[in-house]
Amino acid sequence: MGEQTPRYHRIADDLRAQIERGELAPGEQLLTEFELMEQYAVSRNTVRLALRRLTDEGLIIAGQGRGSFVRKRLTPAVWDWSVLESRSRHRSDANGDQWASVVAESGREPRQEVKVTIRRPSSEIARQLQLDPETALTVVRERVRIVDQDPYALADSYFPEELVRGTALMLPEDVAAPGGVLASIGLIQVRYQDEITVRMPTRGESEKLGLPAATPVAVHMRTGYDKDDRPLRVMITILPGDRHVIRYDVSAE
């Protein structure tokens, strides 16, 4: 005879079913711990185990001192990375910023918060940009990308300081140019190398993006090279898994 299902599993299953049926709507507050204890005739610890299970599944959010709420669903942003930063797409964007134009084309409102610093590169960035981490400097453009008032992604771009010194890329504001800012100053990226990893966010990323518990992120690192295979830029984008869809068209030739 198999082991009996733990009580907190059964409570979690019941609450999960209510969420899936829409009886508990996104943003709606669940019963308090005491009310759940009474309803299911269990201890507070059993209730907390059930709520923890649903939190770990990403179905509810535990508000500090405010009870638990059904997690709100954000409308996914859909990205066609087959043409991400392609020159043909850049030329068709009036403002030169592909991210903002794609968001606007979907009927949503894009905004970016930008911070610019000059600093020594990390070992990873130095390796990608083929720089000496002890002596080189990079210009770093850190962006929080916001869609309809909700933070959707972080996008940090790293440039060799000697290449972009005195250009618009040093400005602590949202800058763009038809064809791309790098191209506008004569630095043409002819190919990209992409690496994508998936992990849990750091504390800083969670805070900047307002991420609920149990939200993995995709980390997209793109390095751009010129015709001489010199790296011009590394961009690292943090994409929360609950608000992005990445789409590719891949030739089978």
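In strand 9 (residues 231–240), threonine 237 is the bridge partner of alanine 155; strands here are DSSP E runs of at least two residues and helices are H or I runs of at least four, numbered from the N terminus. This is a predicted model, where local features need pLDDT of at least 70 and side-chain atom pairs count only at pLDDT 80 or more, while totals for chains, interfaces and linings use all residues. Residues are numbered from 1 along each chain as its sequence is written, and side-chain values use heavy atoms, with hydrogens and water left out.

Strand 9 pairs with strand 6 in the antiparallel sense over five bridges (pairing takes at least two DSSP bridges between two strands). Strand 5 (residues 138–147) also runs antiparallel to strand 6, joined by 10 bridges, and here arginine 143 sits opposite alanine 155. Two residues separate the strands of this hairpin, and aspartate 148 takes a positive phi near 50°. Strand 6 (residues 150–160) has nine of its 11 residues buried, so the rest of the structure largely encloses it; buried means under 20% relative accessible area with a 1.4 Å probe, counting protein chains only.

Just past helix 3, glycine 58 has a positive phi of about 80°.

Notes: Buried means under 20% relative accessible area, exposed over 50%, partly exposed in between (1.4 Å probe, protein chains only).
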